[in-house]
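Please keep the sequence and the model in view while reading.

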Amino acid sequence: VFHLFLHSRKKMRLLLFLTMCECAINSVNTHHVSKPNVVLLMADDLGIGDLGCYGNRTLRTPNIDRLAEEGVTLTQHIAASPLCTPSRAAFLTGRYPIRSGMAAFSRVGVFLFSASSGGLPSEEITFSELLKQRGYTTALIGKWHLGMNCESSNDFCHHPLSHGFDYFYGLTVTNFRDCKPGQGSVFLKGVQKSLVVPIQIAGIALVSLAIVQYIGLLKVPFQALGYFMLITAISLAVLIFFFYHFRHLNCFLMRDHQIIQQPLSYENLTQRLTKEAMQFIGRNTNAPFLLVLSYLHVHTALYASKNFSGKSKHGLYGDAVEEMDWSVGQVLDVLEKYNLSDNTLVYFTSDQGAHVEEISSSGEVHGGYNGIYKGGKSMNWEGGIRVPGLLRWPGVIQAGAYMDEPTSNMDIFPTIVKLAEAQLPSDRIIDGHDLMPLLQGKVTRSKHEFLFHYCNAYLNAVRWHPRNSESVWKVFFFTPNFSPEDSNGCYDSHVCFCHGGFITRHDPPLLFDLSRDPEEKVPLTPETESRFYEILRVIHVAVDNHTRSLHAVPDQLSWDNLFWKPWLQLCCSSLFQSCYCDYDSEGILPEVHSG
């Protein structure tokens with residue numbers, strides 16, 4: 001059903017879309033197509049198959065589906081990365097994350113701690129900065145996940161307020177299982193594996209030194225032995241302290257630069273985020289505004305309020321999706337209340353595909369559904385990068401239309417910058433393209449002839465949509481090794497990784513035609529595709545050109561930038577008081593203490 005829903009009657013839909021767009025363009029001639037309000041709604045780890053407007057028949061998403069009915073549905077909308085941090089960096093800057101240093105060369109591809117020193121560099125230009133310069137009031141509500149501090153606990157160099165947002169209410173890192181008691185840990189298994197070898201080495205070293213000391217083969221100064229044991233003990237103590245207090249140190253809610261709830265409470269959290277978004281709109285009815293509402297749903301730890309808990313047909317995951325849909329409806333209703341709908345561009349998407357390996361300790365599926373598409377989060381199979389893309393602007397974008405051309409979440413940057421009558425930066429490459437000509441039917445083809453799919457900092461795959469063809473070719477230079485082998489993900493490691501023994505390299509690369517095989521089931525060969533080597537040649541030329549456009553930049557996700565740095569730790573009370581406060585409920589202005 002999902003396959004037929006998205007891929008049947010493609011030519012009929014295109015003709016219908018063009019006909020409707022011609023009518024829309026005629027009606028838009030008198031409409032002021034500039035400086036609209038902009039509302040950008042981003043889900044976290046939502047699968048393209050989780051929404052009714054993309055074919056789901058069991059989850060109830062009437063408000064998100066309303067955006068599709070009243071706007072354009074993009075059926076080949078691609079996230080610039082299959083992981084949170086790099087995808088969001090690309091979304092804000094319109095550039096591949098490799099250009100900003102927001103793509104990791106190490107195994108870990110996202111920020112894990114609030115007191116890391118990496119983040120979106122100040123040299124990067126975000127759409128919020130450019131819109132703010134054009135008189136927009138700007139707000140980010142919800143998840144950030146692009147860093148906070150650089151050298152001190154109050155420099156806020158990577159904070160949303162340093163990247164063009166006037167107002168921030170949300171989390172600077174992300175929603176972890178570790179943030180919600182009883183939901184398990186994303187770190188425990190990895191930490192245990194990582195500590196086994198060092199502890200074994202330290203133990204063997206100590207025993208060996210004691211033996212050689214005892215039998216007189218080697219005289220080991222007791223002072224050196226004491227220092228060694230002290231350093232080992234301190235390291236273990238710091239590690240134990242950090243992970244024991246992980247929730248307090250990393251899961252907190254901020255308003256602007258102030259911590260207002262530490263640790264984060266999940267009680268009515270979506271309602272609080274929604275209320276903040278509605279109040280922001282209400283405060284800015286007479287001047288253009290940019291609102292980015294970045295949901296914590298449906299990243300684990302999953303949660304839902306009493307009004308939604310147990311109400312869906314898909315357990316806690318379905319409850320969370322339906323609660324998020326309610327929130328979208330509240331935002332659309334408040335736009336209607338203030339007569340802002342006709343002058344507001346609304347966009348809904350997810351930062352990447354569903355996390356298929358998410359299964360609770362009790363065996364409940366906590367990950368979403370990517371429809372017919374293979375793989376999920378952390379992978380460049382279509383399930384990891386093909387995401388919902390819905391845009392609504394009554395009277396400007398025709399209602400109920402479908403667009404099958406390749407588009408990217410990087411396209412939002414140039415689209416809204418041009419609508420705000422701001423200038424695109426001329427000193428850097430912008431990889432996104434303005435979507436308005438496509439959405440209004442002025443052109444029928446996407447400007448994205450090529451899209452480059454990175455797994456962290458490693459070029460994993462390339463998509464090619466030739467100008468004179470309906471084909472969408474996709475090549476893979478390597479693919480993740482699924483575990484178990486016959487599964488659809490990397491269940492043994494929770495996510496797939498990008499190098500070494502975690503991948504299989506392909507020479508020649510795997511080749512698919514997504515227009516005929518969107519499920520990426522059967523790789524083409526020289527025997528089944530006569531243009532096999534010519535297609536590879538064109539793509540290799542494109543890769544060479546793309547690679548030459550890259551310049552060395554500081555690695556924001558290096559181990560040094562990822563590690564927890566105690567001197568960067570924010571604490572609303574003090575470390576000795578377990579960093580506890582709840583000013584969000586009390587309405588008291590907090591005082592911030594550094595660790």
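## Terms and model

A residue is called buried under 20% relative accessible area, exposed over 50% and partly exposed in between, with a 1.4 Å probe and protein chains only. By this definition, both Trp 144 and Phe 165 are buried.

This is a predicted model, in which local features need pLDDT of at least 70 and side-chain atom pairs count only at pLDDT 80 or more, whereas totals for chains, interfaces and linings use all residues. Residues are numbered from 1 along each chain as its sequence is written, and side-chain values use heavy atoms, with hydrogens and water left out.

## Aromatic pairs

Rings of Phe, Tyr and Trp (for Trp, the six-membered ring) pair if their centres lie within 6.5 Å, and the pair counts as stacked if the planes are under 30 degrees apart, edge-to-face if over 60, and tilted otherwise. The count by this rule is 18 aromatic pairs. One of them joins Trp 144 and Phe 165, which are edge-to-face, with 6.3 Å from centre to centre and 85 degrees between the planes. Trp 144 and Phe 165 both lie in the loop between strand 3 (137-143) and strand 4 (167-171), so the pair ties together parts that are 21 residues apart in sequence; strands here are DSSP runs of E with at least two residues, and helices are runs of H or I with at least four, numbered from the N terminus.

The pair of Phe 308 and Trp 326 is tilted, because the ring centres are 6.0 Å apart and the planes are at 55 degrees. Phe 308 counts as buried because its relative accessibility is 15%, whereas Trp 326, at 26%, counts as partly exposed.

## A cluster and a charge

Phe 91, Phe 127 and Tyr 347 together make one aromatic cluster.

A charge sits over a ring if NZ of Lys or CZ of Arg is within 6 Å of the ring centre and within 35 degrees of the ring normal. The charged end of Arg 107 sits in this way over the ring of Phe 497, 5.0 Å from its centre.
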